[in-house]
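Subject: Structure handover, aromatic rings

Dear colleague,

I am passing on the structure we talked about, and I would ask you to open it before reading further.

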Amino acid sequence: MADGEGVFTATALPGDPRLLPTLTNAFLGTRVFRDILHAAGVYSGAAGDTHRADVPSPLGLRMAAPAAPSPAESFTLNTWTGTFSHTIQSPGYVATHQLYAHHSLVHLMAFSITIQRLDGSTHPISVQLQSLFVPQSQDLDLTPGPDFQGAHYIYGQTLVPEVEGGPRPAVHMLWTPIPQRLTLAGGERERCWQFLTAVAGSEREAKRSYSAGLSLLAAGSLLRSHLRSWAALRRGCSVQLDGPPALRQALHGCLYYLLSAVPPRDGPAAPFHGISPGGLSNGTRGEDYWGHVFWDQDTWMFPNILLLYPEAARAILQYRIRTLEGARRNAQEQGCEGAKFPWESAATGREVCPEEIYGAQEIHVTGDVLMAFEQYYCTTQDQKLFREEGGWELVEAVAQYWCSRMVWSEEEQLYHIRGVMPPDEYHSQVDNSAYTNAVARRSLNFATAMARDLLLPAPEEWEHRARRIKVPFDEERKYHPEYDGYSPGEPVKQADVVLLGFPLMHPMSAEVRRNDLEMYEPVTDPAGPAMTWSMFAVGWLELKELQRAWSQLEKCFSNITEPFKVWVENSDGSGAVNFLTGMGGFLQVILFGFTGFRITRSSLLFDPAFPEDITKLKISSISYLGNRLEVTITREEIRMEVTETSQAPPASPLEAVLESGQCFPLWEGMA
């Protein structure tokens, strides 16, 4: 297998079809050669059975050349173009099947078949198109409609609403009819056939998108418009690393899959429906957690998106704002005030986890959601989201929830949160999970600070309870027990207490930070989920233990499958695939671990640390307070340049401050 940088090529496909690469934009997603696709926000099934509705996919076909004796085949995912191609090379011709989800025209997916003659022959050349497509679905009540501009048309609704009496999302699909065979005539040297699929929630949008695709095809610019939009995104989120090839290739793969899930910079404003652990390409019933949205989005993926593309981060927060009413209902059902975000969320914000224990006890997700809002506000100072678009109502509701969920302990003279499941899901019904209580404290502190910034009144109890909530700490051993009664050496499923250091930045000394890492690293399940080792790596980088950091980061590579760098949740191949959560953790090692970036209320801190095999890191477009920064870090120097400043609203002027106190103003164009 010979791979170019960010171009993954193989002569055979993985035996497990789950490991095929995905083609996704903000609204549509599929795995290559799969007979179904998914549309964002289109779920079928009630409560715990809610899952992404399977939409039949005309793109689910394979090209074959039965007349060719032993043709050479290759399969390529190009992360720079956002395309996948299958090539058949015969002695006299080459046939190429190319697929993509259009990045800016998010209701469109397209593929082309090109046959090119390589010799002077004049006989016809044919390829077969082996399709599994049937215009039916187990999740949609579909009806054929009249053809439109040469396209076939079906439409319908999901069968079962998420909540009783709730809406059943509509699906309208148009697609170019696909023949069983394509033939290059005897007198032709080359020919390209183009096929479109448009999927939308309304007939009008489906037809508008299909017509737009046809117009671009007629002008010869459909693919070019996708490439231009995708290239602009990749350029704006460029992260370059001088280091081991496996690390660089993993970086390209993570950026491709995660950026595929976000809204386009140049697309129309449309509601965003969140990012599930396996992305939009996965999530049929019984697969990848049914396509539900977890804390994986807010804690593991969001920080990377925020640093590189804050507009997409804002869209993620708007998804949470839109589901606030469902979160209020969840809190009421628990006998609490405010809003409790679901452990598993779909379209409404109501709890859709199939197993009650997680929805009832894994309440840290509510604080995780609010931490994303805090990080966004500290990075952008965007008060409009909070003043005018529902952000403050969400902040207030989360603070109210935590206040109503905690109880006062007369014995300890502290507030307790009892009966929870921490991120470590091997333990349930515990009291005072260190992570849960620390994230609750952070929620209350942010709510108080946000009220002050917005000149709104805030109950005194928010600040009081934040000061008086218990976060377990062992004074003798100088470490944080995971919960009341935790015994050192007890097995832990995944990163839990180590998250207090990052991303929570819970106050602690370097000694305590080290002790937490030392205590939990050997007892964390080696078969646990992929994002875990990233947080141990970040911790060791903080402490400048570079070899220990690298040994933790290396563990991630057992979760990356070949040849297309698709991540699996667990190293034995079980769990979610196209595991964006693991990719998000991995990217945080690079964007926050190697750089030492920390988002605080007053500044963006940096304190770089590289393992010895890495010599240079360049991040081309970090967004901070309306400025775009290009940051280049080598072993010899840190170079920062303001490459762009926002005019509306005006960007805040920046300066770099060294530990010595020396200040360097950062102006646009100066480094």
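Predicted model: local features only at pLDDT ≥ 70, side-chain atom pairs only at ≥ 80, totals over all residues.

Residues are numbered from 1 along each chain as its sequence is written, and side-chain values use heavy atoms, with hydrogens and water left out.

Rings of Phe, Tyr and Trp (for Trp, its six-membered ring) pair if their centres lie within 6.5 Å, and planes under 30 degrees apart count as stacked, over 60 as edge-to-face and the rest as tilted. By this rule there are 28 aromatic pairs. In one of them, Trp-295 and Trp-300 have ring centres 5.7 Å apart and planes at 85°, so the pair is edge-to-face. Trp-295 is buried at 2% relative accessibility, and Trp-300 is buried at 0%, where buried means under 20% relative accessible area, exposed over 50% and partly exposed in between (1.4 Å probe, protein chains only). Both belong to one aromatic cluster, together with Tyr-289, Phe-294, Trp-343 and Tyr-435.

Phe-557 and Phe-586 also form an edge-to-face pair, 6.1 Å centre to centre with 85° between the planes. Phe-557 is partly exposed at 22% relative accessibility, whereas Phe-586 is buried at 0%.

A charge sits over a ring if NZ of Lys or CZ of Arg is within 6 Å of the ring centre and within 35 degrees of the ring normal. Arg-62 lies over the face of Phe-33, 4.7 Å from the ring centre, and the charged end of Arg-548 is over the ring of Trp-540, at 3.9 Å from its centre.

Best wishes
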